[in-house]
Amino acid sequence: MKNNKNKCWAGYFGDCEGEITAEHLISKSLFPEGIVFVEGFDWCENIKKVGVNSLTRKILCKKHNNDFSILDSEAKYAINCFAKGKTERPIDGFLFERWLLKTAINLSVDSNFHIGIGFTDSEKGYPSPYAVALALGKQPFAYKMGIYFLENKEGYLNNPTEQLMMPITMDNEIGLFLFGLRGANLLLNLTPAHEVPKLSSIGLYESLPVEVKDNKPIYRPQGFTNMNIESGLIHSIEFSYI
Ligand SMILES: [Zn+2]
């Protein structure tokens, strides 16, 4: 593996500027409790519950860190919508999808996995030029790549302290990334031209909760409704992809 220390991962296009700044791998303002559950990487074999503040590394230059702030803002809005169970305006699905990818890359830098399946010039633990182009919005996600929602008809608990982020890997490649954000379970599909099946149908992750492994992932829905178990209220979230 190349030594990628103190190198900006978004630098393939030669437009880095400024210092390599310490980046929170997971935007900390999004999670008021400051705690997330991260699974599936070497470094979290024994620790799964991590304080967001402890996850900072020098992996982006100042310019690219700034370029991504629009993604952080949309993700903050989206996650607040999940928590409240309603949207004031539709969530921008494309920006949110890019934030999921940016976060997946942040967590995967220096891991033993390729980020995405079959991306050209990919190396383990570092995003390929294509993955970077997607995160920067320079290219659209390939057919059937992007966000899927895990429908949950049973309702959910909206526990502010339970945020889950986990790569789903096969043969050293991250094909999917699972996010559980304020009660909304989402998958980021990094496998071009493949619709995501139920996770249980591919025999993966028996330990996951039923609503994650047995529900059908829905590709880029315009919205979803869920019953909140605690409040009994119907939650209705809208997305747009323009
Ligand atoms: Zn850069």
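The following dialogue explains how several terms apply to this predicted model.

Visitor: What makes C8 buried rather than exposed?

Guide: A residue is buried if 20 or more other C-beta atoms lie within 10 Å of its own, exposed if 12 or fewer, and partly exposed in between, with C-beta atoms placed from the backbone. C8 has 24 other C-beta atoms within 10 Å, and is therefore buried. C8 lies in the segment before strand 1 (20-24); helices (H or I, at least four residues) and strands (E, at least two) are DSSP runs, numbered from the N terminus.

Visitor: Which residues does C8 touch?

Guide: Two residues are in contact if their C-beta atoms, placed from the backbone, lie within 7 Å. Leaving aside residues up to four places away in sequence, C8 touches C16, I20, L60, C61 and H64. The C-alpha atoms of C8 and T169 are separated by 24 Å, and these residues are 161 apart along the chain.

Visitor: Why are the buried residues of helix 2 said to line one face?

Guide: The buried residues of helix 2 are L71, A75, A78, I79, C81 and F82. Seen down the helix axis, they fall within an arc of 150°, so they line one face of helix 2. The arc is that of the directions from the helix axis to the C-beta atoms. These buried residues pack against strand 5 (91-92), helix 3 (93-108), strand 9 (173-181), strand 10 (184-189) and strand 13 (234-240). Just after helix 2, G85 takes a positive phi of about 80°.

Visitor: Which residues of helix 4 are buried, and what do they pack against?

Guide: In helix 4 (129-136), the buried residues are Y130, A131, V132, L134 and A135. They pack against helix 3 and strand 6.

Visitor: Why is D121 called exposed?

Guide: D121 has 9 C-beta neighbours inside 10 Å, and therefore counts as exposed. D121 sits in the loop between strand 6 (114-115) and helix 4. Its phi is near 60°, a positive value in a residue other than glycine.

Visitor: What makes strand 8 and strand 9 a pair?

Guide: Two strands pair if DSSP finds at least two bridges between them. Strand 8 and strand 9 have seven bridges, in the antiparallel sense, and M166 stands opposite L178 in strand 9. Strand 2 (residues 35-38) and strand 8 pair in the parallel sense over two bridges, where L164 in strand 8 is the bridge partner of F37. Five of the seven residues of strand 8 are buried, and this strand is mostly covered.

Visitor: What lies between strand 8 and strand 9, and why is D171 called exposed?

Guide: The two strands form a hairpin with two residues between them, and D171 in the turn has a positive phi of about 50°. D171 is not a glycine. Because D171 has 8 C-beta neighbours inside 10 Å, it counts as exposed.

Conventions. Residues are numbered from 1 along each chain as its sequence is written. This is a predicted model: local features need pLDDT of at least 70, side-chain atom pairs count only at pLDDT 80 or more; totals for chains, interfaces and linings use all residues.
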